[in-house]
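Work through these exercises with the structure open. Try each task before reading its solution.

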Amino acid sequence: LSQFHMLGVQILCIGCGQSKVAKTFAEQINFTGKILSDTKRQLYRALNLKCGKKFVVNKWSWDTMLDAFKQGFTQGYFTGQGCHEQLGGMFVINAQHGFVFSHYQSYMGHECPY
């Protein structure tokens, strides 16, 4: 992230959980950017992000989950936060030109290739 900061890029994370959960998440991944919480999921719906069992219950998702657990990640702390069936994405927004890049997760574990 420091390379982006040197270029004047602001990194922003917007989640659907409570702010204390977002703070803990940021600490776990050493995220130093700004974190916002959209508990009503207005942005989530506006971006038409996906949610549902058909996106999270598949072989790829199970393999990804097992790999994450092996690395020490768990869902335990986040119980009751948001929806475990929702998928996210990554978006680059330029103040002058609007969206210049978007990556929508198609399934759990579908990470942005960049």
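## Exercise 1: An aromatic cluster

Phe 99 has a relative accessibility of 49%, so Phe 99 counts as partly exposed. The model is a predicted one.

**Task.** Find out which rings Phe 91 links with Phe 99 into a cluster.

**Solution.** 

1. Search the whole structure for aromatic pairs. There are two.
2. Take the pair of Phe 91 and Phe 99. The ring centres are 6.0 Å apart and the planes stand at 85°, so this pair is edge-to-face.
3. Take the pair of Phe 91 and Tyr 104. This pair is also edge-to-face, with 5.1 Å from centre to centre and 80° between the planes.
4. Phe 91 belongs to strand S3 (residues 89–94) and Tyr 104 to strand S4, so the pair ties together parts 13 residues apart in sequence.
5. Check the cover. Phe 91 is partly exposed, at a relative accessible area of 22%. Tyr 104 is partly exposed too, at 36%.
6. Phe 91, Phe 99 and Tyr 104 form a cluster linked by ring pairs.

## Exercise 2: A histidine in S4

**Task.** Decide whether His 103 is buried or exposed, and list what His 103 touches.

**Solution.** 

1. Locate the residue. His 103 lies in strand S4, which spans residues 98–104.
2. Read the accessibility. The value is 10%, and buried means under 20%, so His 103 counts as buried.
3. List the contacts, leaving out residues up to four places away in sequence. His 103 touches Gly 88, Gly 89, Met 90 and Phe 91, among others. The list also includes His 110, Glu 111, Cys 112 and Pro 113.

## Exercise 3: The buried side of H2

**Task.** Which residues of helix H2 are buried, and what do they pack against?

**Solution.** 

1. Go to H2, residues 19–29.
2. Pick out the buried residues. They are Val 21, Ala 22, Thr 24 and Ala 26.
3. Recall the helix geometry. An α-helix has 3.6 residues a turn, so residues three or four places apart point the same way.
4. Find the partner. The buried residues of H2 pack against strand S2 (34–37).
5. Asn 30 follows H2 and has a positive phi, near 60°.

## Exercise 4: A serine in S2

**Task.** Which residue is 20 residues from Ser 37 in sequence and 6.2 Å away in space, C-alpha to C-alpha?

**Solution.** 

1. Start from Ser 37 in strand S2.
2. Read the cover. Ser 37 is partly exposed, with a relative accessible area of 33%.
3. List the contacts, again skipping residues up to four places away in sequence. Ser 37 touches Gly 15, Cys 16, Gly 17, Gln 18 and Ser 19.
4. Apply the two distances. The residue is Gly 17.

## Exercise 5: Positive phi in loops

**Task.** Where do Arg 41 and Asn 48 lie, and what is phi in Arg 41 and Asn 48?

**Solution.** 

1. Most residues other than glycine have a negative phi.
2. Take Arg 41. Its phi is positive, near 55°. Arg 41 sits in the loop between S2 and helix H3 (42–46).
3. Arg 41 is partly exposed, at 22% relative accessible area. Its charged end sits over the ring of Tyr 44, 5.1 Å from the ring centre.
4. Take Asn 48. Phi is about 60°, again positive, and Asn 48 is not a glycine. Asn 48 is in the loop between H3 and helix H4 (53–56).
5. Read its accessibility. At 63%, Asn 48 counts as exposed.

## Exercise 6: A surface patch and the whole chain

**Task.** Which residues form a nonpolar patch on the surface, and how many helices and strands does the protein chain have?

**Solution.** 

1. Name the patch. Leu 12, Ile 14, Leu 36 and Leu 43 form it, with about 320 Å² of accessible area together.
2. Zoom in on one member. Ile 14 lies in strand S1 (residues 12–15). Ile 14 is partly exposed, at 40% relative accessible area.
3. Count the elements. The protein chain has five helices and four strands. From the N terminus, their order is α-β-α-β-α-α-α-β-β.
4. The protein chain has 114 residues, of which 22% count as buried.
5. Check the contacts between residues at least 6 apart in sequence. Of these, 48% join residues at least 24 apart.

Technical notes
Residues are numbered from 1 along each chain as its sequence is written. This is a predicted model: local features need pLDDT of at least 70, side-chain atom pairs count only at pLDDT 80 or more; totals for chains, interfaces and linings use all residues. Side-chain values use heavy atoms; hydrogens and water are left out. Patches are made of residues with over 30% relative accessible area and no salt bridge: like charges are joined within 9 Å, nonpolar side chains (Val, Leu, Ile, Met, Phe, Trp, Tyr) within 5 Å. Accessible areas come from the Shrake-Rupley method with a 1.4 Å probe; for residues, only the protein chains shown count as cover. A salt bridge is a side-chain nitrogen of Lys or Arg within 4 Å of a carboxyl oxygen of Asp or Glu. Helices (H or I, at least four residues) and strands (E, at least two) are DSSP runs, numbered from the N terminus. Buried means under 20% relative accessible area, exposed over 50%, partly exposed in between (1.4 Å probe, protein chains only). Contact means heavy atoms within 4.5 Å. Rings of Phe, Tyr and Trp (its six-membered ring) pair if their centres lie within 6.5 Å; planes under 30 degrees apart count as stacked, over 60 as edge-to-face and the rest as tilted. A charge sits over a ring if NZ of Lys or CZ of Arg is within 6 Å of the ring centre and within 35 degrees of the ring normal.
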